[in-house]
Amino acid sequence: MIKRSNGSTTSGRPTKVTFALPTSDCDQPVSVVGEFNGWDPLAHPLKKRSNGTRSVSVELEPGRSYRFKYLADDGSWLVDPDADLVGNDYAGVDSIVAA
């Protein structure tokens with residue numbers, strides 16, 4: 001699940017994007033990695049919440065789209081079930097989020 005708060009290119013305000021996964025989809029530590037953080041698995045780990053999800057919020061430059069995936073602790077890659085998908089250079093797919 002992805003939630004956005006509107007940023008603005010004219011005001012210079014970033015868009016706050018919250019990335020969330022149900023713990024039933026991934027019962028281990030997981031991070032969101034993508035173009036916005038150099039695909040760094042240490043930059044944005046999702047925190048376990050009392051509502052049965054793991055989530056993290058990231059501020060993104062508005063007016064563009066970003067490729068991303070979730071990376072689980074065991075090295076497995078997950079796409080966001082609610083996001084659009086696009087092919088990548090590795091014969092796989094990435095999720096897309098528009099800020």
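Select Asp 94 and Lys 69. The two form a salt bridge, with the closest N and O atoms 3.9 Å apart; the term means a side-chain nitrogen of Lys or Arg within 4 Å of a carboxyl oxygen of Asp or Glu. Asp 94 lies in strand S9 and Lys 69 in strand S6, so the pair ties together parts that are 25 residues apart in sequence. Strands (E, at least two residues) and helices (H or I, at least four) are DSSP runs, numbered from the N terminus. Both Asp 94 and Lys 69 are buried. Buried means under 20% relative accessible area, exposed over 50%, and partly exposed in between, with a 1.4 Å probe and protein chains only.

A word on the model. It is predicted: local features need pLDDT of at least 70, side-chain atom pairs count only at pLDDT 80 or more, and totals for chains, interfaces and linings use all residues. Residues are numbered from 1 along each chain as its sequence is written, and side-chain values use heavy atoms, with hydrogens and water left out.

Asp 94 has a relative accessible area of 5%. Arg 67 is partly exposed, at 25%. Show Arg 67, Lys 69 and Asp 94 together: they are linked in a network of salt bridges.

Next, go to Glu 35 and Arg 64. They form a salt bridge, the closest N and O atoms being 3.9 Å apart. Glu 35 lies in the loop between S3 (30–34) and S4 (47–48), and Arg 64 in the loop between S5 (53–60) and S6 (65–72), so the pair ties together parts 29 residues apart in sequence. Glu 35 is partly exposed, with a relative accessible area of 37%. Arg 64 is partly exposed too, at 36%. The salt-bridge count comes to three.

In soluble globular proteins, nonpolar side chains tend to be buried together.

Center on Phe 36. Leaving out residues up to four places away in sequence, Phe 36 touches Phe 19, His 44, Val 58, Leu 60, Tyr 66, Arg 67 and Phe 68. Contact means heavy atoms within 4.5 Å.

Move to S8 (residues 84–87) and S9. They pair in the antiparallel sense over four bridges; strands pair if DSSP finds at least two bridges between them. Asp 84 stands opposite Ile 96 in S9. The two strands form a hairpin with five residues between them. In the turn, pick Ala 91, which has a positive phi of about 60 degrees.

Finally, zoom out. The protein chain has zero helices and nine strands. Its C-alpha trace spans about 40 × 35 × 25 Å along the principal axes. Buried residues make up 37% of the 99 residues. Of the contacts with a separation of 6 or more, 60% come from residues 24 or more positions apart.
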